[in-house]
Amino acid sequence: MCTGIVETAEVSGSGKGPRGWFKLEQVNVSYDHPSDAPLEHALNIDFVNQKEGPSARVAVELSPGSARKLAQAILTALSQVGNSS
Amino acid sequence: MHPYTTDMYEGMLAETVMIQGYNGDTINAYFARPLGPGPFPAVVLIPHMPGWDEWYRETTRRFAHHGYLALSPNIYYRFGHGSPDDVAAKARGSGGVADDSAVADAEGSLRFLKSLPLSNKKVGVFGTCSSGRQAFLSACRLKGFDAAVDCWGGRVIMSKEELTPSRPVSPIEYTKDLYCPLLGLFGEEDENPNPQQVQSMEQELKKYGKTYEFHMYPKAGHGFFYYDRPNYRQEQAVDGWKNLFTFLEKYLGTTP
């Protein structure tokens with residue numbers, strides 16, 4: 001962890017990992033070296049369930065520009081359905 | 001560097017072993033060594049943030065190929081098991097490996113290697129990226145390493161805001177305690193550590209009269225040894241490896 005930039009949040013929902021669907025309990029958002037994306041740093045998002053071990057993870061590694069588009073798309077979609085949690 | 005000729009016998013053993021690390025925990029480690037009675041110099045390879053991954057296993061074997069007893073401890077052991085990137089992601093989400101834990105795992109590795117009858121009792125520590133930082137920390141906080149290699153270790157210099165309970169001290173503060181010669185390999189285009197930070201580190205090493213050798217490579221950024229990443233720089237990597245093995249041979253001795 002070279003940059004140390006990590007934000008976490010509790011979430012509820014489901015994610016599909018290598019072993020199928022699992023309950024999500026946390027999302028970790030970091031800006032650090034990616035494992036696969038061809039970038040020196042990426043905006044990494046890990047949807048996880050700590051109780052189910054390291055493999056309970058849905059991961060994406062995005063360029064900063066892509067991450068901003070994703071954040072905007074999420075907010076835009078949510079703005080159309082009101083404030084439901 | 002061990003000169004290889006085509007008439008030589010060559011052999012290597014590489015396997016997973018168990019060692020004692022931080023807090024008395026038994027953790028797994030990847031151990032590669034040349035065949036033969038030795039005595040061989042040794043190196044601890046602390047894995048980087050992408051995890052205890054294939055690159056580190058290959059590099060462990062590379063050191064063995066060059067005549068070293070090479071041990072890479074799984075410093076991510078406490079985060080569970082799975083693919084290296086999943087385990088590393090879990091560590092990242094939990095704030096990373098605590099400095100005390102990484103240093104103690106390096107100490108356990110050092111103890112393991114020195115205890116081997118094959119060992120010439122000289123042990124170095126090597127790390128890249130986050131583990132370059134941990135290699136520097138280990139070389140400062142432990143008495144026993146004979147050489148240290150910090151490849152582009154980020155956050156050796158930390159601001160107060162960056163300190164956390166698991167990383168409570170900026171490693172640069174330990175410079176006065178550096179126990180062994182240090183080799184540093186860096187890229188001019190790296191942002192972490194950037195050339196200014198490397199200069200500050202160098203000033204601190206000079207201030208305390210430490211033995212060190214730094215190479216700052218032009219047209220290279222972070223992680224220029226990683227052949228599977230876009231930052232790989234062939235020319236700089238080849239020269240870096242050459243400097244690295246020359247440095248280790250000087251301070252750890254050669255293979256028989």
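Predicted model: local features only at pLDDT ≥ 70, side-chain atom pairs only at ≥ 80, totals over all residues.

How many C-beta neighbours inside 10 Å does B:R155 have, and does B:R155 count as buried or exposed?

Tutor: B:R155 counts as buried, because it has 22 C-beta neighbours inside 10 Å. Residues are numbered from 1 along each chain as its sequence is written, and chains are lettered from A and ligands numbered from 1 in the order in which they are written.

Back to your arginine. B:R155 sits in the loop between strand 6 (147-151) and strand 7 of chain B; helices (H or I, at least four residues) and strands (E, at least two) are DSSP runs numbered from the N terminus. The backbone there has a positive phi, near 60 degrees. Most residues other than glycine have a negative phi, and most peptide bonds are trans. B:C129 also has a positive phi, about 60 degrees, without being a glycine. You'll find B:C129 in the loop between strand 5 (119-128) and helix 4 (130-141) of chain B, and with 26 C-beta neighbours inside 10 Å, B:C129 counts as buried.

Chain B has some cis peptide bonds to look at too. One runs from B:G38 to B:P39, with omega near 0 degrees, and B:P39 belongs to the loop between strand 2 (26-34) and strand 3 (40-46) of chain B. Another joins B:N192 and B:P193, where omega is about 15 degrees; B:P193 is in the loop between strand 7 (182-187) and helix 5 (195-207) of chain B.

Now for the meeting with chain A. The contact (C-beta atoms, placed from the backbone, within 7 Å) takes 24 residues from chain B and 20 from chain A. Helix 2 (residues 84-93) gives the most to chain B's side, with 7 residues. In that helix, 9 of the 10 residues are buried, among them B:V87, B:K90 and B:R92. Their cover includes strand 1 (5-17), strand 2 (20-32), strand 3 (42-48) and strand 4 (57-62) of chain A. Helix 2 of chain B lies across those strands, at about 65 degrees to strand 2 of chain A; axes are lines fitted to C-alpha atoms, for helices over the stretch in contact, and angles run from 0 to 180 degrees between N-to-C directions. After helix 2 of chain B comes B:G95, with a positive phi near 95 degrees.

On the chain A side, 4 strands make an open antiparallel sheet in the order 1-2-3-4 (two strands pair if DSSP finds at least two bridges between them). Strand 1 and strand 4 of chain A are at the edges with a single partner strand each, so one side of each has no neighbour in the sheet. Neighbouring strands of this sheet are turned by 20 degrees against each other on average, direction ignored. Strand 3 and strand 4 of chain A are joined by 6 bridges, and A:F47 has A:V58 as its bridge partner in strand 4 of chain A.

As for confidence, chain B averages a pLDDT of 96, with 99% of the residues scoring at least 70, and the model scores ipTM 0.88 and pTM 0.94.

Conventions: Contact = placed C-beta atoms within 7 Å. Buried ≥ 20, exposed ≤ 12 C-beta atoms within 10 Å, placed from the backbone. pLDDT = per-residue confidence, 0-100.
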